[in-house]
Each structure stands twice: as C-alpha cells, then as structure tokens.
Amino acid sequence: MFTIKQMEALYWVSTLGSFEAAADFLNVAQSTVSKRLGELDQNFSTPLLRRTGRRSTLTSQGEEVRQIAEQMLRLNDQLG
C-alpha cells in the first residue's frame, strides 16, 4: 500500500531533481522525503529512482508511477 505523501514525494523529487529540493518545497526534512520514497519503493520489484550524486532520475518503472502520482495529486487537489 502507498500514501498520497509518498506519491507526492516521488512527484516532487522527479520534478525538482533532488531530494533536497523536494524537501524544501514540501517544507519537510530531507530524511522524511527519503523515508517516504523508501517505503514507496518497497511496493515495487524494481527501484523507482536512479540516484547519481545529488541528482535523481526516474527509472522506467518510476516514470509509470510518477504519471499515476501526478493524476492522484490533481484529484486530491480537486477534493481539497
């Protein structure tokens, strides 16, 4: 199972390119973003992100999940 917060973390890391930038945007600690993505990763057989130094890029599985995350976040915004 996954949460909106985990999907939000994946979306913003992939959009902004780093855990640090996503954490700043979400106003949480970088360790919180890392934890959320670690938990999300456990739901899939392959990693969602490829980390190169401070940059993070999506794997093919990550791109598929990101598209779903984007839709979920839009729907969540519509409800709020």
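This is a predicted model: local features need pLDDT of at least 70, side-chain atom pairs count only at pLDDT 80 or more; totals for chains, interfaces and linings use all residues.
A residue counts as buried when its relative accessible area is under 20%, as exposed when over 50%, and as partly exposed in between.

Strand 2, residues 55-58, shows two faces: Ser56 and Leu58 lie on the covered one, while Arg55 and Thr57 lie on the uncovered one. Its partner is strand 1, residues 49-52, and the two pair in the antiparallel sense over four bridges.

Now turn to the helices. Helix 1 (residues 4-16) packs with helix 4 (residues 60-79) at an angle of about 115°, and their axes are 9 Å apart. This crossing is left-handed. Helix 1 brings Ile4, Met7, Glu8, Leu10, Tyr11, Ser14 and Thr15 to the contact, and the residues from helix 4 include Val65, Ile68, Leu73 and Asn76. Sorted by class, the contact between these helices has nine nonpolar, four polar and three charged residues.

Our last stop is serine 34, which sits in helix 3, residues 30-41. Is serine 34 buried, exposed or partly exposed? Its relative accessibility is 29%, so serine 34 counts as partly exposed, because that class takes in values between 20% and 50%. Follow the chain for twelve residues from serine 34 and you reach threonine 46; the C-alpha atoms of these two residues are separated by 17 Å.

Technical notes. Residues are numbered from 1 along each chain as its sequence is written. Side-chain values use heavy atoms; hydrogens and water are left out. Buried means under 20% relative accessible area, exposed over 50%, partly exposed in between (1.4 Å probe, protein chains only). Axes are lines fitted to C-alpha atoms, for helices over the stretch in contact, and angles run from 0 to 180 degrees between N-to-C directions. A crossing is left-handed if the near helix is turned anticlockwise from the far one by less than a right angle, and right-handed if clockwise. Contact means heavy atoms within 4.5 Å. Ala, Val, Leu, Ile, Met, Phe, Trp, Tyr, Cys and Pro count as nonpolar, Asp, Glu, Lys and Arg as charged, and the others, Gly among them, as polar. Two strands pair if DSSP finds at least two bridges between them.
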